[in-house]
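The following paragraphs walk through one protein chain and its ligand. Begin with the view below, then read on.

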Amino acid sequence: MRYFLFGKTDLTVSELGFGGIPLIRLSKDLAVNVLRRAYDQGIIIYDTANMYLDSEEKIGAAFHGMRNRVIIASKSIQRDAAGMTEHIEKSLIRLKTDYIDLYQLHQVAREADWKAIMAPGGAMEALLHAKDKGKIRHIGVTSHSLEMALKLVKTDLFSSIQFPFNFIEIAAKDELHAVARERGLGILAMKPFAGGMIDNADIAFKFLRQYSDVIPIPGFDSVEAVDQVTSFYKRENKTTQSDVHLIERYRTELGKQFCRRCEYCQPCPNGVMITQSMGYRVIANRMSPAVAVKFSRLPMESVLKCDACGACVEKCPYDLPIPDMLKSFNDLYEQHLNAS
Ligand code: SF4
Ligand code: SF4
């Protein structure tokens, strides 16, 4: 594992980080084991969020007593100062610490979010105040919108940018990463598996390791998963011709518009199981149509309840035309059902 300074900050980080979402579904004991294993394997940067339920508490439990050996990043979706202050205080308590290395504005995607954050009484005031008091050491930002991420990076207000990056979602590679580098921001790569669409960890990390200052933060839900991914970092990184072909196959199969399973669109007022239905085509390709129709019956039947109200589209950070996509996946499902 390599270690280096995170952008222009004084934080030393590992080339691989740990994303805190999967900790939610683990028992506290198992979460602590997984986190400690990650530390033993050399990972020293841990990313979580106020909204990831008890993920912060589990990280706090794992690293209590060795706080100065790890870098903790958290984040809040709050847009006003009062809400942000409350979240920072909560994060400090849950993480059992008196400082957080990096506190990020979570998912700043739309102009309205940014205006609210920067307005008098907005979240930026609370972040700057907390930094002054030593409660947070650096301020970062996360986004799923390339246009907004670029704008945020160029404000020079942030020490880091967190944006999706994997061999399917390569939009950040050129301009966003280049501008962030030039301005001294640390770069965190969320969604190294494209929200579950990439099921080949070997290829996923062969691709990511080519970008030596971009820190992937995969979520881990077992000691075995930690051992598998960290083992990639113990060997030389070589991409073969067959890896390149495989990457091309994934790209063709998923196309440009695909669901990253972020679940921001949920819940649907009509009970449509959006995330599960949006993966139908990939499931059918990976399994077989006959297996996929059995596996996906409930979500695909729920698609019939969609009245195209558009509520989900407004919430999707990738601007996916969800009702149209659901309809085409349902058509495919019907074809497979009739043929089975
Ligand atoms: S467009 Fe369809 S899936 Fe989306 S929220 Fe409305 S009913 Fe639900
Ligand atoms: S449809 Fe959009 S918001 Fe919903 S899970 Fe997929 S990517 Fe996320």
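Between domain 1 and domain 2, about 600 Å² of area is buried, and carbon and sulfur atoms give 43% of it. On the domain 1 side, Arg110, His144 and Met197 supply 68% of the area buried against domain 2, more than any other three residues. The model is a predicted one. The size of an interface is often given in this way, as the accessible area lost when the parts come together.

Eight residues of domain 1 touch nine residues of domain 2. Three residue pairs across this boundary are in polar contact, with both partners at pLDDT 80 or more, while the number of salt bridges between the domains is zero. The side of domain 1 that touches domain 2 has four charged residues, along with two polar and two nonpolar ones.

The next part is the ligand site. Which residues come closest to ligand 1? Of the 14 residues that surround ligand 1, the closest are Cys268, Cys306, Cys309, Gly310 and Cys312. By class, the shell around ligand 1 holds eleven nonpolar residues, two polar residues and one charged residue.

Conventions: Residues numbered from 1 in each chain as written. Chains lettered and ligands numbered in written order. Predicted model: local features only at pLDDT ≥ 70, side-chain atom pairs only at ≥ 80, totals over all residues. Heavy atoms only, no water. Contact = heavy atoms within 4.5 Å. Buried area = accessible area lost by both parts, 1.4 Å probe. Salt bridge = Lys/Arg side-chain N within 4 Å of Asp/Glu carboxyl O. Polar contact = N/O pair within 3.5 Å; in protein donor to acceptor, adjacent residues only side chain to side chain. Nonpolar A, V, L, I, M, F, W, Y, C, P; charged D, E, K, R; others polar. Near = heavy atom within 4 Å.
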